[in-house]
Amino acid sequence: MNVCVFIPTAAEPWPENATLYQPLKEDQILLSDCASSLAVQAYLRMCGLPVQVVCRANAEYMSPSGKIPFIHVGNQVVSELGPIVQFTKAKGHSLSDGLDDVQRAEMKAYMELVNNMLLTAELFIQWCDDATAAEISRPRYSSPYSWPLNNILAYQKQWEVRRKMNAIGWGGKTLEQVYEDVSQCCQALSQRLGTQPYFFSKQPTELDALVFGHLFTIITTRLTSGELAERIKGFSNLLSFCRRIEQTYFEDKTKNTKLSKFV
């Protein structure tokens, strides 16, 4: 269940010191949290709302929902993309006001698809694939902590994710089945995008931010196998879509800098 703490106040301007919190970028953050954090950053940039990214080893425990990322705006704290979208809308900033009811329902359906397929696949690969869990997920997740707390927290997280996978029917899946789910999700996204610059023509919505966050992170993150990224690279229009958003919202053309890899 999403948890957010805020009092919508449309009259309040967006503060310059708004902060987004995520785990440590170099040593700790994992694929799924990278993707979710980048999606929120992309959304806020698309809205023209400045935010400072702050990395904390205990960001997960600071979050009101226990999920990453969360933003601190004034005296209000909001976690996860959906509630953050509602929060900014209450302040008069929205990317989807131009959509009609049918388009808005379609957008929400595709966002559910991304969360149910891509996010779940990321969590599965991180914690249910033994090689990835042993070589990447457990060492990174536990890196800020000393022994024995590091082992306790890592195995506790792995147990929680595996229990979730069993609850939603993913516990018995093979890696190949998960990769195929990702391919089917990307096929649906590719067909919806077509030759348009964004999913709903010329202007981005929160769906574009969400898809970008996950796809860009997957194709730039090192895992024990490159198969997950390869499934995405088979869709040229999705790659062009990621590059377009990177160029438009993350590159500083005056300094010739690009969005850096998270992992």
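Seven aromatic pairs were found in a search of the whole structure, which is a predicted model. One of the pairs joins Trp 127 and Tyr 141. The two ring centres lie 5.6 Å apart. The ring planes meet at 85°, so the pair is edge-to-face, the cut-off for that class being over 60 degrees. Trp 127 belongs to helix α4 (residues 101–127). Tyr 141 belongs to helix α5 (residues 130–142). The pair therefore ties together parts that are 14 residues apart in sequence.

Helix packing was examined for α1 and α8. Helix α1 covers residues 31–46 and helix α8 covers residues 206–220. Their axes are 7 Å apart and form an angle of about 140°. The two helices are therefore oblique to each other, as an angle counts as roughly antiparallel if over 145 degrees. The crossing of α1 past α8 is right-handed. On the α1 side, the contact is made by Leu 31, Cys 34, Ala 35, Ser 36, Leu 38, Ala 39, Ala 42, Tyr 43 and Met 46. On the α8 side, Glu 206, Asp 208, Ala 209, Leu 210, Phe 212, Gly 213, His 214, Phe 216, Thr 217 and Ile 218 take part. Of the residues in this contact, 13 are nonpolar, four are polar and two are charged.

An unreviewed UniProt entry places the feature "domain: Metaxin glutathione S-transferase" at residues 183–245. This span is 68% helix and 0% strand. Its end C-alpha atoms lie 21 Å apart.

Key. Residues numbered from 1 in each chain as written. Predicted model: local features only at pLDDT ≥ 70, side-chain atom pairs only at ≥ 80, totals over all residues. Heavy atoms only, no water. Axes fitted to C-alpha atoms, helices over the stretch in contact; angles between N-to-C directions. Helix = DSSP H or I, 4+ residues; strand = E, 2+ residues; numbered from the N terminus. Parallel < 35°, antiparallel > 145°, perpendicular 65-115°, else oblique. Left-handed = near helix turned anticlockwise from the far one by under 90°. Contact = heavy atoms within 4.5 Å. Nonpolar A, V, L, I, M, F, W, Y, C, P; charged D, E, K, R; others polar. UniProt positions renumbered as here; feature names shortened; annotations may be inferred. Phe/Tyr/Trp six-rings, centres within 6.5 Å; stacked < 30°, edge-to-face > 60°.
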